[in-house]
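The paragraphs below lead through one protein chain step by step. Please keep the sequence and the structure in view while reading.

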Amino acid sequence: MTASATRIPGDAARFVERFADAWAGPHADRLLDLLHPQVRLVQPMFASTADRAAAETGFFRALFRFLPDVRLAVVRWSAVGDTVFIEWTASATLGGRPIRWSGVDRFLLADGRATERVAYFDAIPLLLAVLGRPSCWVAVWRSGAAGSLLRAWRRPA
């Protein structure tokens, strides 16, 4: 086993702690600090991003405009080599009512930062919640999330 391979479990544990702390706020600066400058983010509801600047403007800003009080809580996690899986439960307020959903993020780490994150969760319940809460439609449209939600709806199963 190489020296870098033996560091990964500790790196992974620290990464998960920082992830949990960043999403408890949420703290956009702490979330961005988790990411390598050339990070690739892939998620069901928003366009993929190719670097940290795009992650900030194309994902985090839109997400926090759409769901300003969104929080993620770590349920459990595991790591193999430089890959970290984090199972989470998200909660937010949408149209004045609470909403919860669960998912898993898969991270590839280098030097304690994510070079790639792929999020796995079913976006359809969130889309249905938006459709069932007309009071949030303007906020969803202004956030930039509306187009992503419509794309999620049109994706074949």
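Is T83 buried or exposed? In this predicted model, T83 has a relative accessible area of 14%. The cut-off for a buried residue is under 20%, so T83 counts as buried. T83 belongs to strand β3, which covers residues 83–94. The T83 side chain makes a polar contact, at 3.5 Å, with the side chain of D82. Once neighbours within four places in sequence are set aside, the residues in contact with T83 are S78, R106, F107 and L108.

The chain as a whole can be described next. Six helices and five strands are found in the chain, and along the sequence they follow the pattern α-α-β-α-β-β-β-β-α-α-α. The chain has 157 residues, of which 43% are buried. Among contacts with a separation of 6 or more, 49% are between residues 24 or more positions apart.

The aromatic residues come next. Searching the whole structure gives eight aromatic pairs. One of them joins W23 and F60, with 6.3 Å from centre to centre and 50° between the planes, a tilted arrangement. W23 is part of helix α1 (residues 3–24) and F60 is part of helix α3 (residues 52–66), so this pair ties together parts that lie 37 residues apart in sequence. W23 is buried, at 6% relative accessibility. F60 is buried as well, and its relative accessibility is 6%. W23 and F60 also belong to a cluster linked by ring pairs, together with F46, F59 and F64. At F59, a charged residue is involved: R117 lies over the face of the F59 ring, 5.3 Å from the ring centre.

Helix α4 spans residues 124–131, and its buried residues include L126, L127, A129 and V130. Why do these four lie on the same side of α4? They cover an arc of only 160° around the axis, which places them on one side of the helix. In general, an α-helix has 3.6 residues a turn, so residues three or four places apart point the same way.

The confidence of the prediction remains to be described. Across the chain, pLDDT averages 86, and 87% of the residues score at least 70. Over residues 1–7 pLDDT stays under 50, and for this stretch the model has one contact beyond four places in sequence.

Conventions
Residues numbered from 1 in each chain as written. Predicted model: local features only at pLDDT ≥ 70, side-chain atom pairs only at ≥ 80, totals over all residues. Heavy atoms only, no water. Phe/Tyr/Trp six-rings, centres within 6.5 Å; stacked < 30°, edge-to-face > 60°. Helix = DSSP H or I, 4+ residues; strand = E, 2+ residues; numbered from the N terminus. Buried < 20%, exposed > 50% of the residue type's maximum accessible area, 1.4 Å probe, protein only. Lys NZ or Arg CZ within 6 Å of the ring centre and 35° of its normal. Arc of directions from axis to C-beta. pLDDT = per-residue confidence, 0-100. Contact = heavy atoms within 4.5 Å. Polar contact = N/O pair within 3.5 Å; in protein donor to acceptor, adjacent residues only side chain to side chain.
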